[in-house]
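Here is a friendly note to read alongside the structure. Keep the 3D view open and take the points one at a time.

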Amino acid sequence: MLVDSHCHLDFPDFAPERDAVVQRARDAGVGLMLTICTHISRFDQVHDIALNYDDVYCTLGVHPHQAAEEFPLCSEAELLRLARQPKVVGIGETGLDYFYDKSPRDVQQESFRRHIRVCLETDLPIIVHTRDADEDTIRILREEGQGRLRGLLHCFSSSRQLAEQALEIGFYISLSGILTFKKSEELRDTAAIVPMDRLLVETDAPYLAPVPMRGKRNEPAFVAHTARTLAEVKGVDAATMASVSTANFLHLFNKVPASALKAA
């Protein structure tokens, strides 16, 4: 069984056929899916989707693109209240995006810090989005994390240096379909140095469909292609990569009961 550790099943792309998308994932050997919240204002929709499927869990958070727009809604008290919902197993995605700068950087940083403080309060892992913000990302994780923060860098496509720094603070690295792209040699070289017990796979669906599905709308079933490429990078077979990445997911997202995968 595989786990898609990061997808967006609440996005309109999936609305007309969400049941079919989930079933195709199951048919492809995906035993669990984590649907990620990007807007506090849409959290109820995200959580309802998780409640509707035994093999889908969710997170709670505000994407850095929406940090300014949703800042008034995103108090620590509100995050703590919503984090108590039964199928919320992580906080995020949150972080910093200096490539698009859709929210002022100081607001992104304060939103990021709030999410980290909620993680420490709830002992839930954090899902970090970072783009063109390596230095500030790792600095804030160290400053606020106090050596107690658990989490991952999602859809990793940054430098080897950031990967090494994230590993130093105990974080996991999650790889998306970008790993399969022809021009991603540097990323594959970085993935090669990440220990097996710190690797996760994801789709970030509906974005970034892996080869050979590139150009199509991505969906959780396609995580198998990324896992296969990662297995080749690590020099193991696909079954081993599926087993290891799934075990890593359950270790990090330990609010997901071990029985969930068996039930799926």
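1. Let us begin with a word that a later point needs: contact means heavy atoms within 4.5 Å. Please also keep in mind that this is a predicted model.

2. Start with the sheet. Eight strands form an open sheet in the order β1-β2-β3-β4-β5-β6-β7-β8, and their pairing is parallel. At the edges sit β1 (2-7) and β8 (199-201), each of which pairs on one side only. From one strand to the next, the twist averages 30 degrees.

3. For a look at one pairing, find β2 and β3 (residues 56-60), which are joined in the parallel sense over three bridges.

4. Which helices lie across the strands? One of them is α6 (residues 134-145), which lies across β4 (88-97), β5 (126-131) and β6 (151-153) and runs at about 155 degrees to β5. Another is α10 (residues 238-252), lying across β1, β2, β6, β7 (172-175) and β8, at about 100 degrees to β8.

5. Now turn to α1 (residues 18-27). Its residues Arg-18, Val-21, Val-22 and Ala-25 are buried. Seen down the helix axis, the buried residues fall within an arc of 95 degrees, so they line one face of α1. The face turned away from that buried side carries the exposed residues Asp-19 and Asp-27. Among the elements covering the buried residues of α1 are β2 (30-35) and α2 (43-52). Just after this helix, Gly-29 has a positive phi of about 90 degrees.

6. Just after α5, Asp-123 takes a positive phi of about 60 degrees.

7. Where does Ala-77 sit, and is it buried or exposed? Ala-77 is in helix α4 (residues 76-83), and its relative accessible area of 55% makes it exposed, because exposed means over 50%. The C-alpha atoms of Ala-77 and Val-118 are 8.7 Å apart, although 41 residues separate the two along the chain.

8. How many salt bridges does a search of the whole structure find? The search finds 20. Glu-78 is partly exposed at 24% relative accessible area, and Arg-81 is partly exposed at 44%.

9. Arg-139 and Glu-143 meet at 3.3 Å, N to O; they are four residues apart in α6, so about one helical turn lies between them. Glu-164 and Arg-160 meet at 3.1 Å, N to O, and they are four residues apart in α7 (residues 160-168), again about one helical turn.

10. To finish, look for a network of salt bridges. Its linked residues include Glu-110, Arg-113 and Arg-114, together with Arg-139 and Glu-143.

Definitions and conventions: Residues are numbered from 1 along each chain as its sequence is written. This is a predicted model: local features need pLDDT of at least 70, side-chain atom pairs count only at pLDDT 80 or more; totals for chains, interfaces and linings use all residues. Side-chain values use heavy atoms; hydrogens and water are left out. Buried means under 20% relative accessible area, exposed over 50%, partly exposed in between (1.4 Å probe, protein chains only). Helices (H or I, at least four residues) and strands (E, at least two) are DSSP runs, numbered from the N terminus. The arc is that of the directions from the helix axis to the C-beta atoms. Two strands pair if DSSP finds at least two bridges between them. Axes are lines fitted to C-alpha atoms, for helices over the stretch in contact, and angles run from 0 to 180 degrees between N-to-C directions. A salt bridge is a side-chain nitrogen of Lys or Arg within 4 Å of a carboxyl oxygen of Asp or Glu.
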